[in-house]
Structures are given as C-alpha cells and as structure tokens.
Amino acid sequence: MPVVKAVTCPVCGSLCDDIELTIENGRIVKVKNGCAMCEAKFLGYCCEHRVLKPMIRKDGELVKTSLKEAIRRAAEILAEANYPVLYGWSNTSCEATSVGIELAEEVGGVIDNTSVVCHGPSILSIQDVGIPSCTLGQIRHRADLIVYWGSNPWSAHPRHIERYTSFSEGRFEKSAWRGYVTKIKALVGRKKIQSAIKRLVLKKPSQISTHLEPTFVSPIMRKGRKLIVIDVRRTKTAEMADFFVQVEPNKDYELLQAFRALIRDQELAVDKVAGVPVEYLEDVADAMVSCDFGALFFGLGLTMSGAKLRNIDAALSLVRDLNMRTKFIIMPMRGHFNVTGANTVSTWQTGYPYAVDFSLGYPRYNPGETSVVDVLLRKESDAALIVASDPVSNFPHKAAEHLAENPLIVIDPHMNVTAQMADVLIPSAFVGIEAAGTAYRMDHVPIPLKKVVNPPRGILPDEEILRRILAEIRKIKKKQEAA
Amino acid sequence: MGEKPKLRVTLLTGRTIEQGVGKEHGKSSKEYVESVSVCYMDPEDMKKLGVKDKTNIQVSTAFGSVVVKAQKSLRAPHPSVIFIPYGPWANVIVDPETHGIGMPSFKGIPATVEPAPEKPVLGLKELLELQFRKG
Amino acid sequence: MELLIRNGFVYDPVNGVNGEKMDIAIKNGKIVEKVNERRAKKIDASGMVVMPGGVDIHSHIAGGKVNSGRLLRPEDHFKDFERKTVTTRSGVGYSIPSTFTTGYRYARMGWTTVMDPAMPPLEAKHTHEELSDTPIIDKASYPLLGDWWFVLEYLKNGQIEECARHVAWMITATKGYAIKLVNPGGLEAWGFGRNVNSIDDPVPNFGITPREIIRGLCKVNKLLNLPHTIHVHTNNLGKPGNYVTALETMECVEDLADGDKPVIHITHCQFCAFKGDDWRTFESGAEEIANYVNAHSHVTMDMGQVIFTDTTTMTADGPFQYILYTLSGNKWVNHDVETETSAGIVPFHYRRKSFVHATQWSIALELALLIKDPWKILMTTDHPNGGPFIAYPRIIAWLMSRKAREATLKKINPKARSRSLLPSIDRELSFYEIAIVTRAGQAKALGLKNKGHLGVGADADIAIYGFNPEEMEPSKKYKAVRRAFKRAAYTIKGGQVVVKDGEVLKHMDGATMWLDVQLCEPCEIELNEDMKRRFKEYWTVGYENYPVTEDYLAVSHPITVKADV
C-alpha cells in the first residue's frame, strides 16, 4: 500500500507537515501523526455530505446542472452585479485567493476573508502598534516561558504545544513533557490517596492533606520551560499550566494594563484586577520579566471579547515593553489552515490584508465600512461569491440574512449551511487532499499542500473554477462592449 | 407553579474540539449538529435553574433567542458564564454590531437562560427555514 | 520580432560607447548586429538618450519582510494608489508598493532588472511568489546565510568545503542568486535579544566571530565560483562610529582578493559611514571610506541614498531595527526566523531639518562623488530604507548637477550643511558615468553577462530617455534630467516595448534568475541521513517541504555555476 509522507494537514493554522497517509484504492485509509481533527478530515472528507454535481436553483429548489452551465450562470450574476462581495478564502490555497482577487478587481467588488470575523482586530492593532514576533521554531529552540491567552490549543490547535512550544525539543530549551507527566501523576496519586484516606479514616481530607501534599518546587524557581494560561475558563490547556490566571469575562484589557504596570515595577493600589489577586499577578509578571525568551500566543478569547482590538493593542504593547527587559514575542493563534495565506496574498497584491473594496477601480481598505459583515448589515451587496467558507453558519443572523437574499454563488466541497442557500453551487476539490497549492502557517512560513488522491470525476480545484468564471465574465463584458 | 427561574449570564461562543471534528465530518452530519446545539454551564448554575444534563434550555439575548441542550461544563467553576460552540445556533443570539471594525461581538454578550423542557431543539433544516425561508 | 532603435545618443560603457549617435538592432529578444530594415519595427530615438535597461543590485521588493511592511502601513497606501486599466492591474504605493505596481514603476523609469537582497531561506517560497507577481522586470534574490546555524557550525570547525557544499545546496534549494550576510553573528545573538559590537565580538553559544563568518563565506563564495561576491550589510549598521567597522570588514578579506576582481560588496554604505561618538558628535565618515576604496580594488559598494520623505525601514538586522524603534518610537515589527535570520520593520521619516538625517543625505552623495571609479559605487536607496526607488531620478540629478545639490543643500539643517563635504566637491557625473552607476556597473558587480550593456548577444533590455545632450547641459537643466528619468520615453524588455512615454503598454511576466550550483562530485545533500536528522532538529518544516520547486517561478531562468568543490 502506498504511503505518502510529509503531507501538510489542511485543518488549522499550525499546518503540521509531518502527516503520513496510507492510500488504498485511491482512498486514504490510515493517518499517522495527526490529531483528531486531522484524522477526521483525511478519513472523513469523502463523506455522504459531499456535493458531486454542480447545482442551480430553479423555482426555489436546487437542481443538478452541468459545470459549464453553472459557471456561465455564476459569471452572469457577477457581471451584472454592481457591488458583489467575494468572501471566504481561508480554507483554500493562496493560488485560488490570487485568482479571487483578480476576479474582485474585474467586477469591482469587495473581497474579504474570514480573518474579518476572527483576527481582524489583531491586524488592526498590528497596524497601530506593530508586532514583535518570530517563526515557531524560534520558540521551540529558545522559549523558556510560554503564555496562552484566550486561546485553547488543546481544542483548536491540538499539536501546537507538542510541535512548537512547551513539549517540543529545542536547541537551547528542552521539552517540559516529563515534568508535566510527573506533576499529573502526583496529582492523580494525591487524589487517590485522599479518597483512600477518606474511605478509611473518614476524616475530612483537607485536614490531613497538608502534610501529604507532594512537595513541588515553586513554579517560579523551577528550571526549564514554564507555561502560563490566561482564560475565562479552566480549559484543558489550563490544566497543564504552571500558572493559571482565570480572568473575569470582558476584563482582559484591565488585566493586560495591570501587567504593563507590573513589569515596569509599578505598584497597584488595588487587591484584585479582573477577579485575580494582585499578589498572584505579581508572581506571573515576575516570571515574564525573568525569562530568557518569552512567547505570548493569543486567541479569539482576546480579539472577540470586551475591548476587542484595544485588547490586542494592550497585548502587543505589553510584549513590546517586555523587550526592554528581555526577549519576548507575541503571535496570534490563527484558526483556519490558510487564513494567514489569504491575508498574505491580499497584502502583496493590494496592499491590504482583508476587506478590500475595488468598486472605485483601485484597492480601498476601511474595515468597518469595506468589511463583509458591515456591507451585509447595510444591505449594500447585490450578489455574493463564497469560496471555501460557511458564513451563514458563522455570521450573526442579521448579516447572514442579507447574504441569503443576494444571488449567491457557493464554491465548496461540502453541502454546508451556506451551500444550502446557494443559487449556484459548484462543488470543488479539497485543497491539500485532492488539489495542490500553498498555505501559510500562523507564523507566515509558506508550506506546500499536496495532492494525495484524485478528486471525484468532474470536480475541479477552486483555483480552476475561479479561472473559468473569470474568463467567462471577460467574455460577457467584451460582448457588452461590442453591443 | 411560581415564575420560571431565570438566570442572568454572560455568553461566550467559541471553538471546541468536538465542533472541530464534527465540522470535518460535514455540516449536515449528526456529529456536527450535536456538537454545536449545546450550551455548557456551570453545575452550580444548573442547580439554581433546576436543569439537568441534556435538559433543553432557552438562551436569550437582545438579538434573539434559541433553544439548545444544557450540558455540564467540565471546566467549572465559571459561575454566570455560559458557553455555546460556534455554529448556526449561537449565531441566532450573538451581537451583530461590529463597532466600526468589521467584527461582530461573539464573546461576552449579556444573556438570560431559562429551562425549556417543553420546547424542542430545532434541527439544522428547521432552524434555517425559520430564519431564511431558503434552503 | 525585429526592432530597430534609430539615431539615439547611445551610452553603453561596457562596450565603450559614449553618447555616439547609432542604431540598435533587436531580434528575438536579443541585441543583434543588424535586422531587416524594411521589416523591423522602428523607434525614432533621435535627440534622446539610449541606455541599457536599469539594474538594481539592492532593493527590497518582495518577501515576508516587505509584505509585513505593506500590512503594517495602510496609511502609506492611502495617499498613493493606481487604478486598474485595460492592460494593468491596480495597486498601491508608496514606500512599499504592491507587487504589480512595483513592476510597473520600475519599468516606467526604464529599469528592467532588480535584485531583492534579503530572502530568509525558510520563507523563500514567499519571496518567489511575490517575485512571480512582479511584472515586466527580471529579478533574483539573495538568501540570508550569515547567521545560518550550518554556516556557523561548519566555519567554527574549519570545514570550509563542507560549508561550501551546504551553501551550494541552500542557494539552489531556495532558488537564490548570491550569499547575503546581514550583521553576521548579530542576528543569532538577537535570538536572545542581544547583539555583537565588533567584527571580533564572539557570537553567544557558537564560539565564532563575525570576522570568521565574513572570511569563511568569502572563501565559500570563491570555491563555488558564484557570479556575485558576498553581499554584506555590516555589523554595527546605523551606529555612530561604524565607519571603522566598515573599514575592518573590507580589510578582513583584503588577502582573499584575486587580482582586480572584487570579493566583497558592502551594501548601502551610507548607513555604515558614520563618524562620531554619539548622535550629537555624529559626522560623515565618507572621506575615510572613499580613501580606502580608491586605494583598493577588491570592493564594490552601493550608496543607500537617503531621500527626505516618509518611508518604511526594513532589514534583516533585527537588533538595528529595535534601536530604530527606540529612537523613533514608531510602530515596530520584529520577525526572527528559526536557525537562520531575523527581520525588523519601522516606519521612518527623513527630515531635511534634522541634523542626522541631513548628514546621512550628504554622506551617500559624498561617497558616490569621492570614490573616483564609478564601477565601484552603485546607485541605490536600499529601497525602501533610504527612500522609495521612485526617487532615483532625483539622485541622478544630484549626481549630475552641482546646482541640483546646492538647491537641496540650501534647505537642509544648517549644522549639517556647514559640515557637509558636498560644497567642496565639483564633480558632476556624465551620462556615461550615470549609465555605469545605474546599469553597467550594477550588472558587472552581479556577474550578469547579458545585462547592463548593448553589445551583440545581450538581452534586449533598453531604456530611452527624452533628453537631448547636444542641446542641453544636464548639470544646468537638472530638472529636465529628473523628468526624463521619471518617465522613460521607451522601455524595452526582452525586445518588447513595454513602456511608452511613461505609460505601461503591457502586463507581462519577467524572469526569475537563480543559480543552479553544480558541485564537482554531485552529492544529494537533501537525501542524506544526517541532513534529514538535522532538519528535524533545526527546523519545524520537513526537508521534503523546504525547497522551492521551480513551479513557484512564473518564468524560471536558471544559471548554471560550476563549483570547485
């Protein structure tokens, strides 16, 4: 059975490129090295919810049609539109996004990618403050302090910790895995002892537990990598942490500013910030200042709550300030596997990472105005092209409503929620499984995506479908000019 | 019977690994639907409301109201904070306002929770038909 | 296709042609002896200057760092955008233009070959994707190798040949063109927030000095017979007193020189020609550098001219960019790349009224005018570090006209003016010399045999400028010079007319040049077990996914190099 090695996983922004797939009769039958999401994608992509034929809405129902007809209809919709939105892009290749931008320019529409509803605020803050960052290997080799803030890699980026941070093996820093295992064993052991004693002696465990407490070295004094987790919930990741700071919802901004003061050795005149005792925060701030190389990863817990982009401003400023004392970097935990690539291509071709408006013939950028949710909430768009995304299930109801009212073209392998609303539905190949391309990891490292199996008959990659639509639009326009 | 118990809470929406895996199975799959039509609650809060694991509850915000299944949070304690995974159910009640930066508010939305054992959790198709009259 | 350019004043220094009125014949993209006069398309260049297409040895136009700069600065783009036309794509400027706009703007000025000087090997695909999206011009990129762990380790152990073999592999794997060193050793130190302070300051954790790295890679460069020399951004860049470091850097490879052949290129020399102990006692070290260069033949350099404008600084020199951030308080991007290099970005406004900035402006011109041999000092702004490349016409005017220099001198900081050497310099470059510092010399330093001249067999990359040297004195009519170079009358790329009267006629791909370095004994480095193991240990990307495959290049133009190892 052929085994394909060094496959890049097209699920999350970690882009693990060490996946090994076993192929049998043109199907993937075994996945090695992947996480649960990776396995589900490679083994389950060919599921029953796959669309295999292009479809067009006739009399309110989606009916099967030819690819040619679907492309012609899609081109007509876009050529007729005054202000179409082209949205999605983070689950496809950079090559597809590139054609998408050309298409948006041709029809004078708005092209936006999913970062607008995830790390959009992070980008706005970077444009205000800048960002001290690095590639993930730099963290693996050097970081002795890792902070996850408002992000839960255990669920969203399952191999992040093992490949790049606390449990990875670097040149100057070793994996903290062993220490973690000992700690967990001790904890489990302690629980067992406690319950045994409880059963035998029938005393309250709290009274005797003090002298049975395994003696940990204080986390600050300990050598090796340390892990700090800051979150509103005690996530699975938090359980691994040396420090867990449970911040009250929507209070991240206060906490960040408190840290900024603490690392400048200023004293806080309150007992608690964001529900956390100041003494505890002082310990955490100490750990930040006294590390050799710190890395702060932040997730949507920071970008989506409370002060949104002001949270990120404060986080970026905190890390920037920390560079006066030591080496510290910060990185957003990007979700979709190629959301970074969508930003990257958009930036080199138009100057702007997302929410690019071509209605005046040149790239214009003003998130809040040219961003897709706002365009939809203002009910301005008169057609939509959605590629490799499911905005109807991700956007607030009000925005999704206008999207569903627009003549809607969907290019996606799945019959997702948006696809069910489509007027033209063109099924596509899975990028990274049935089509090759390039994706950018969350740290901006470009990694090739492989084609490991053939797509079903007649199914094309996004890039090719878009090229055909673009060619068809140009034909229509030429005809109109001639007429 | 007295007035129904009602709890004021803060709503967070976000990713879970079940939702991540379910998503890869396809958005119409049972795995996906079951992974996103739930609401994780602090057990103490559930006690206050008198709801058990898997009881239907109604979550309401200024923007809408939706019925989902209550689920005991493994990440407690987080009193007065509830969590619904990203998906069509959460979207009914999140805040569409982008405050001029392009992103709606998906986290930290004031909400109320009440038991709704008599109301059904809508399936994906019913939910969409109700909302969009299309599909 | 045949093309005949008639009656222009031709400046082709490589072939010793100095303003003679002559015809240039083109066939199939190359310059030929003659063409069929009846069939050929004719361009009347009478009363105009004809030169080889411009060549830029050092301009940051593509890759991760440039793109982070674009992302960082929407305010840079708002004021400068280009609409889509029937033939061209839309885009934005100003200091960090989008890729399409970059290609068009170079072509409009008559430039046809541009080298991106700083490619982090791990992110080489990104650089190439952008280069492929940069239309019209030919281009290449230099991988950053001066802080690569492999290099540090092999040189530390004295394994020059082993080092050379790995550098050869890396250049070919990244589709690169030359060995680039940026603050050698300093970037590795920056991994832990530190730096090195002289060429003899040991690199933490590696037990090697910048001197050893520079000498080692200079030897590697010779062993591999690469067309360009090592391309060096010196240690201590941007610090007062650093002209000493620049001199030491040039001196440290003096003994490696082969006759008159250069072995080192000191890039954007203005930034390492600072005298003085601090910013208050800051002054020009141009004279000392020029004296050294005038007495030695193993060095070429480029200017790194400062332009008084708002621009975006970006270098692989992470620690330098951090200093710039602390000096300016502007927003700051840092991006370190595992086992290889780093990068930093800070927006920067050079002001005429600032003593330091005005002195920097003067230093670059002093270097260009005091170094007697124009083949040794090439014109750049280190785009966008000293200013955007669209300022080239202004620099040409300063070089050609004392009057133009005086006009600017009048407006700069008085203390800088009184200390500037410029009023004492009468030299005014001729068109012939301008052709050297902007194309012929650049192509020669790069070892590009088919570029930078108009001899038979050369690539038909040609610029025609609307300036009549018989009727006008460039030193007096410097504004006309500026206008002429701003919008070429014609730009011809590979035998095709791509620009006419400063307007782009055609969107076409340019080629990406890269070195296919062939070793004496072919060894498949990427397949050997030791390399696989080290890949796992050093990088977070597998060895299978690391190299840049040829399909990343829109038009691939490999240049075969036979190495001595």
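Covering here goes by contact, meaning that the C-beta atoms of two residues, placed from the backbone, lie within 7 Å. The model is a predicted one, so local features need pLDDT of at least 70 and side-chain atom pairs count only at pLDDT 80 or more, while totals for chains, interfaces and linings use all residues. Residues are numbered from 1 along each chain as its sequence is written, and chains are lettered from A and ligands numbered from 1 in the order in which they are written.

Helix α14 itself runs over residues 402-409 of chain C, and its A404(C), R405(C) and L409(C) are buried. Down the axis of α14(C), these buried residues fall within an arc of 135°, so they line one face of the helix. The arc is taken from the directions that lead from the helix axis to the C-beta atoms. As for the cut-offs, a residue is buried with 20 or more other C-beta atoms within 10 Å of its own, exposed with 12 or fewer, and partly exposed in between, with C-beta atoms placed from the backbone. Helices (H or I, at least four residues) and strands (E, at least two) are DSSP runs, numbered from the N terminus.

Elsewhere in chain C, L256(C) sits in the loop between α9 (243-251) and β13 (264-266). L256(C) counts as partly exposed because it has 16 C-beta neighbours inside 10 Å. Leaving aside residues up to four places away in sequence, L256(C) touches R215(C), C218(C), K219(C), K222(C) and V263(C).

Chain A has an open sheet of 3 strands in the order β1-β2-β3, with antiparallel pairing; strands pair if DSSP finds at least two bridges between them. Its edge strands, β1 (3-7) and β3 (27-32), each pair on one side only. From one strand to the next, the twist averages 30°. Strand β2 (residues 19-24) of chain A pairs with β3(A) over 5 bridges, in the antiparallel sense, and T22(A) has K30(A) in β3(A) as its bridge partner. Helix α1 (residues 36-44) of chain A packs on this sheet, touching β2 and β3 of chain A, and its direction makes about 165° with that of β3(A). Axes are lines fitted to C-alpha atoms, for helices over the stretch in contact, and angles run from 0 to 180 degrees between N-to-C directions.

The domain assignment of chain A gives domain 1 (49-118 + 337-430 + 456-482) and domain 2 (120-176 + 224-332), with bounds from an automatic or database assignment. Taken over C-alpha atoms, the centres of these two domains of chain A are 36 Å apart. Their contact takes 7 residues from domain 1 of chain A and 5 residues from domain 2 of chain A.

In chain B, β4 (residues 64-72) pairs with β2 (residues 38-41) in the parallel sense over 4 bridges, and Y40(B) has Q71(B) in β4(B) as its bridge partner. Strand β3 (residues 56-61) of chain B pairs with β4(B) in the antiparallel sense over 6 bridges, with Q58(B) opposite V67(B). A hairpin of 2 residues joins β3(B) to β4(B).

Finally, the contact between chains B and A takes 42 residues from chain B and 52 residues from chain A. On the chain B side, α1(B) gives the most, with 5 residues.
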